Each structure stands twice: as C-alpha cells, then as structure tokens.
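Please read the numbered points with the structure open.

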Amino acid sequence: MYDPAFISADVDLAALTDGLTAQPNARLCLYGPPGTGKTAYGHWLAKQLNKPLLLKRASDLLGAYVGENEQNIAKAFKQAEEQGAVLLIDEVDSFLSDRRGAQRSWEVSMVNEMLTQMESFSGIFIASTNLMDGLDQAALRRFDLKAKFDFLSTEQVWKLFVRHCKQLDLPHRKKTLPQQLAALEYLTPGDFAAVARMSRFSPLQSAEAFIQALKNEASHKEQTKKQKFGF
Ligand SMILES: Nc1ncnc2c1ncn2[C@@H]1O[C@H](COP(=O)(O)OP(=O)(O)O)[C@@H](O)[C@H]1O
Ligand SMILES: [Mg+2]
C-alpha cells in the first residue's frame with residue numbers, strides 16, 4: 001500500500017532518493033501531525049537506498065540514570081555507523097527541546113550530545129517530531145532539510161480511498177463518494193491504515209462504511225488536533 005504519492009509535504013521527498021544515493025550523508029528533520037507518514041518515509045527511504053534502517057524511539061533512548069541518555073544516544077549513532085544504516089530517531093522533540101527552556105543541566109547535556117553526534121555522523125540521519133515549536137534553534141540549523149508533513153489533499157484522499165477499496169474488494173464507483181470524502185478534513189494515511197486494520201476483524205460492507213469509519217477516526221482527533229499540534 002505504501003506509495004510516496006501519499007505524502008503531503010512541502011518538499012519533493014521522492015525526488016530526494018537520487019540525490020541521497022549519490023551523496024548518502026544528510027540530516028533530515030520531518031515534522032507534522034501524527035499519522036502523516038514520517039516514520040513510514042524513513043522505512044521507504046532506507047529501502048530505496050538499499051540500507052538497513054535503525055529506528056529508535058524516545059523511549060528506547062531515555063534512561064533513568066545520570067548520563068544514560070547521552071550514552072544511549074552515542075550508542076545509537078555508533079550502531080548506525082557500524083551497520084551503514086539510516087538512523088531514524090522518532091519523537092526527537094524529547095531530545096532536542098530548546099536549551100533556553102531547559103531547567104536541568106542534564107537536558108542541556110542531552111541536546112549537546114545529540115548535536116555532537118549529528119555533526120560527526122557520516123550517514124543519513126532522520127529526526128521526526130509532531131512538535132516543531134519547542135525545538136532547539138541551533139539544532140534546527142544543523143538539519144540540511146526540514147520537511148513539513150501535512151494532512152492529505154482532497155485528491156490524495158480520493159486516490160488512497162480507491163486503493164483501499166480495491167484492496168478490500170469494495171465497489172467504489174458511486175457518484176456521491178468523492179463528495180462525501182471531500183467533506184472530511186484532516187485525514188492522514190495513518191487514518192486509512194487504522195480503518196484497514198480494523199476491517200481485518202470487523203469487515204466493512206461498503207465503501208460508505210469505509211468513509212464512516214474514516215469519519216470516526218477523524219473525530220477522535222478533533223479535540224486534540226488544534227490545541228496540541230497547532231498546524
Ligand atoms: N505514503 C504512504 N502511503 C500509504 N500509506 C502510508 C503512507 N505513509 C504512511 N502510511 C500509513 O500510515 C501509517 C502511519 O504512518 P507513520 O509513518 O507511522 O506516521 P507518523 O510517523 O507521521 O506518525 C503507516 O503505518 C502506514 O500504514
Ligand atoms: Mg512516527
């Protein structure tokens with residue numbers, strides 16, 4: 001189901017592959033609402049480049065002891081270097097919060113460790129985050145490219161819908177469907193994936209039922225969307 005055509009970003013990320021094949025050293029920052037495909041893009045890119053992906057979440061790297069975070073960060077970069085892997089750190093906001101707002105010295109030293117590691121890493125490093133606002137300014141400057149992942153356009157929603165209907169064997173030629181879909185806002189590939197997963201144990205009977213399920217997915221986000229993400 002994965003197709004870079006369903007990325008809604010302000011940079012042509014599919015086109016980047018050629019450049020990165022020739023010059024596999026870059027620091028990318030992917031930001032935007034959850035479900036927009038930031039992590040999936042990391043997987044896809046690594047595959048295109050024929051490299052393994054080393055994926056680390058904040059929870060993999062944060063430790064309870066003094067100096068543990070820094071050690072884990074250093075280890076992740078070292079491991080990626082040794083494996084020739086693309087390194088993707090998810091929820092990077094946990095590491096790169098603005099040092100100006102840092103209350104404790106360990107927060108400052110963690111950001112510093114990330115910056116040092118980013119600088120000396122010779123491969124492709126991808127940082128992803130849902131929260132761009134609180135990120136450290138010096139850290140942001142060190143990214144070669146910052147790409148904003150956004151909600152799907154009406155056209156992308158329709159195309160992804162048709163793909164999913166085909167996969168699930170749901171008739172989707174009814175004239176009213178595009179209009180019903182266009183009425184839904186703030187959809188992401190993640191919403192489609194969630195509905196498709198649900199349909200495995202609770203089969204959908206029609207394309208309309210798929211739309212209704214998407215609507216439910218979207219409504220769960222209504223509350224948090226604006227306050228929390230500010231996109
Ligand atoms: N370009 C794409 N084409 C099709 N499906 C996608 C695409 N990007 C993401 N998805 C689906 O959406 C789900 C959520 O994407 P994910 O990368 O985890 O979002 P994020 O990291 O931005 O929160 C993925 O598991 C995948 O099933
Ligand atoms: Mg993610």
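Which residues are the closest to ligand 1, and how many surround it?

1. Ligand 1 is surrounded by 15 residues, of which the closest are Asp-3, Gly-35, Lys-38, Thr-39 and Ala-40. A residue is counted here if one of its heavy atoms lies within 4 Å of the molecule.

2. On the basis of the predicted model, local features need pLDDT of at least 70 and side-chain atom pairs count only at pLDDT 80 or more, whereas totals for chains, interfaces and linings use all residues. Residues are numbered from 1 along each chain as its sequence is written, chains are lettered from A and ligands numbered from 1 in the order in which they are written, and side-chain values use heavy atoms, leaving out hydrogens and water.

3. Helix 2 (38–48) and helix 9 (189–201) each contribute at least two residues to the shell around ligand 1. Helices (H or I, at least four residues) and strands (E, at least two) are DSSP runs, numbered from the N terminus.

4. Polar backbone atoms also approach the ligand. An oxygen atom of ligand 1 is 3.0 Å from such an atom of Gly-37; for Thr-36 the distance is 3.3 Å, and for Pro-189 it is 3.4 Å. The protein covers 77% of the 550 Å² of accessible area that ligand 1 has on its own (Shrake-Rupley method, 1.4 Å probe).

5. Arg-27 belongs to strand 1 (residues 26–31). Its relative accessibility is 16%, so Arg-27 counts as buried (under 20% relative accessible area; exposed is over 50%, partly exposed in between; 1.4 Å probe, protein chains only). The side chain of Arg-27 reaches the backbone oxygen of Arg-142 at 2.7 Å, a polar contact (a pair of N or O atoms within 3.5 Å; within protein, one must be able to donate a hydrogen and the other to accept it, and residues adjacent in sequence count only if both atoms are side-chain atoms). Leaving aside neighbours within four places in sequence, the contacts of Arg-27 (heavy atoms within 4.5 Å) include Met-118, Glu-119 and Phe-125.

6. Ile-124 is found in strand 4 (residues 124–129) and is buried, with a relative accessible area of 1%. Among the residues that Ile-124 touches, not counting those up to four places away in sequence, are Leu-20, Leu-49 and Val-86.

7. His-164 is placed in helix 7 (residues 154–168). With a relative accessible area of 6%, His-164 is buried. Beyond residues up to four places away in sequence, His-164 touches Met-1, Phe-192, Ala-196 and Phe-210.
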